[in-house]
Amino acid sequence: MENSGAQVAQEIQWIKRAQQGEPEAFGPLVQKHQPRVFSLVYHLVRRRDEVEDLAQEIFIKAFRAIRSYNFQSSFATWLSRIATNHCYDFLRHERASRVSFYWQMGENSQQELEANAESQPEHVLDHEEQTVLKDLVTKLLDRAPENDRKILLLKELQDYSVEEIAEILNLKPTTVKVRLHRARKRMLEDLRQWREENKGHAV
Amino acid sequence: MRCNDIRERLVDLWEGEGTVEVRQHLTQCAACAGYYRDLRLVRAGLRLWKREEAPEPTLGFAGRLVRQLGEMSKAPSVADFFEQVGRRFVYATLVLTFLALLALALPSTGPVRGLSAADIQMPGQEASLAYSDPMGETGLQESPDLAPVEASAPAVTNEVK
């Protein structure tokens with residue numbers, strides 16, 4: 001506890017020095033928060049090759065805007081907000097088109113995958129099945145409206161609490177809950193609808 | 001319980017398996033069982049993504065970033081340069097516009113402006129001047145005709161001198 005208090009005090013010192021324009025004081029902040037930023041960027045953008053460049057841009061943006069940080073929320077939350085917005089700006093410009101492997105599977109393989117996903121923990125699925133399943137979810141996420149998708153990703157992939165998501169996205173916790181429910185439901189509806197549309201296309 | 005309520009509950013729970021009532025319904029309703037299967041499929045896909053580890057920063061990431069920030073804060077950027085030049089240009093334009101407006105707003109005669117070409121009256125223009133002369137020095141108020149105008153012309157010319 002004492003250690004954590006000292007760490008917080010130390011972080012405040014770094015932030016204050018960075019606010020006075022000292023890039024050297026920003027270094028430890030980068031060191032401390034880079035795992036979180038890298039993970040967030042990767043899960044939001046889902047492109048391994050873009051992560052470092054985007055993380056760099058996010059930290060530069062944060063340094064330039066650090067005077068506006070007023071210690072109301074935690075620095076991690078403030079940084080996550082910048083990262084989320086930056087990733088979505090990037091995604092708006094670079095909509096990657098992906099092949100939908102799930103729909104290229106035969107009906108039997110689809111059923112097998114579904115059965116495996118139900119009966120086994122995800123990590124027991126073989127590599128191909130994992131790829132297919134991840135691709136399917138990616139497609140479903142891409143179909144979701146941007147605001148719902150942000151919430152879904154922050155909750156499901158980053159494990160943020162509803163309160164933290166509310167802080168990052170400047171929303172009320174009740175709004176986050178409602179949107180999370182809606183986003184999950186929409187994914188299931190999309191999957192069902194998609195399955196209907198692709199019934200004839202399965203190989 | 002209706003199918004819609006069951007599905008709402010399943011989505012609400014998301015991670016859980018539902019109450020006895022829900023589980024019982026799932027054994028009897030193929031449509032809801034299919035819905036639950038989809039839910040687990042999506043959930044499994046999301047978990048896979050969650051387990052996927054982000055790439056590590058390359059060696060010296062933070063150091064490079066700090067150096068870059070240091071250089072950025074030292075050297076004035078191209079944007080700053082254009083901002084400065086642009087600002088000067090705007091100031092110059094404003095000053096010129098102000099002068100132009102001032103020149104247009106100033107009266108063409110009067111004490112502010114001093115004498116101008118307009119002040120030098122041509123003989124033909126004297127009539128109106130003489131007619132509006134408040135002192136009545138020309139004595140022409142009562143009969144404003146052209147004849148006395150010619151007579152007063154030299155007086156104006158003298159004034160100019």
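**View 1. Crossing of helices α3 and α4 in chain A of a predicted model**. α3(A) passes α4(A) in a right-handed crossing, a crossing being right-handed if the near helix is turned clockwise from the far one by less than a right angle, and left-handed if anticlockwise. The axes of α3(A) and of helix α4 (residues 75–93) of chain A come within 10 Å and cross at roughly 125°, where axes are lines fitted to C-alpha atoms, for helices over the stretch in contact, and angles run from 0 to 180 degrees between N-to-C directions. The two helices α3(A) and α4(A) are therefore oblique to each other, given that angles under 35 degrees count as roughly parallel, over 145 as roughly antiparallel, 65 to 115 as roughly perpendicular and the rest as oblique. On the side of α3(A), the contact is made by A:Leu54, A:Glu57, A:Ile58, A:Lys61, A:Ala62 and A:Ala65, and on the side of α4(A) by A:Leu79, A:Ile82, A:Ala83, A:His86, A:Cys87 and A:Phe90; two residues are in contact if their C-beta atoms, placed from the backbone, lie within 7 Å. By class, this contact of α3(A) with α4(A) holds 9 nonpolar, 1 polar and 2 charged residues, with Ala, Val, Leu, Ile, Met, Phe, Trp, Tyr, Cys and Pro counted as nonpolar, Asp, Glu, Lys and Arg as charged, and the others, Gly among them, as polar.

The model is predicted, and local features need pLDDT of at least 70, side-chain atom pairs count only at pLDDT 80 or more, and totals for chains, interfaces and linings use all residues. Residues are numbered from 1 along each chain as its sequence is written, while chains are lettered from A and ligands numbered from 1 in the order in which they are written.

**View 2. Helix α3 of chain A and its buried residues**. Helix α3 of chain A covers residues 51–65, and its 15 residues should span 21 Å at 1.5 Å a residue, which agrees with the 21 Å between its end C-alpha atoms; the expected span is 1.5 Å times one less than the number of residues. Helices (H or I, at least four residues) and strands (E, at least two) are DSSP runs, numbered from the N terminus. The buried residues of α3(A) are A:Val51, A:Leu54, A:Ala55, A:Ile58, A:Phe59, A:Ala62 and A:Phe63, a residue being buried if 20 or more other C-beta atoms lie within 10 Å of its own, exposed if 12 or fewer, and partly exposed in between, with C-beta atoms placed from the backbone.

**View 3. Surroundings of A:Val51**. A:Val51 lies in helix α3 of chain A and is buried, because 24 other C-beta atoms are within 10 Å. Leaving aside neighbours within four places in sequence, A:Val51 is in contact with A:Phe38, A:Val41 and A:Tyr42, and also with B:Ala54 and B:Pro55 of the other chain. A:Val37 is 14 residues away from A:Val51 in sequence, and the two are 9.1 Å apart in space, C-alpha to C-alpha.

**View 4. The loop residue A:Glu22**. A:Glu22 sits in the loop between α1 (2–19) and α2 (23–45) of chain A and is partly exposed, because 17 other C-beta atoms lie within 10 Å. The C-alpha atoms of A:Glu22 and A:Phe63 are separated by 9.5 Å, although these residues are 41 residues apart along the chain.

**View 5. Packing of α7(A) against α3(B)**. Helix α7 (residues 127–143) of chain A and α3(B) pack at an angle of about 100°, with their axes 8 Å apart, and the pair α7(A) and α3(B) are therefore roughly perpendicular to each other. The contact joins A:Gln130, A:Leu133, A:Lys134, A:Leu136, A:Val137 and A:Leu140 of α7(A) to B:Val42, B:Ala44, B:Gly45, B:Leu46, B:Leu48 and B:Trp49 of α3(B); the contact of α7(A) with α3(B) divides into 9 nonpolar, 2 polar and 1 charged residues. Buried residues in α7(A) include A:Glu129, A:Val132, A:Lys139 and A:Leu141.

**View 6. The contact between chains A and B**. Chain B contributes 29 residues to the contact and chain A contributes 39 residues. On the side of chain B that touches chain A, the elements giving two or more residues are α1 (3–13), α3 (30–51) and α4 (61–74) of chain B, and α3(B) gives the most, with 15 residues. The residues of this side of chain B divide into 18 nonpolar, 4 polar and 7 charged.
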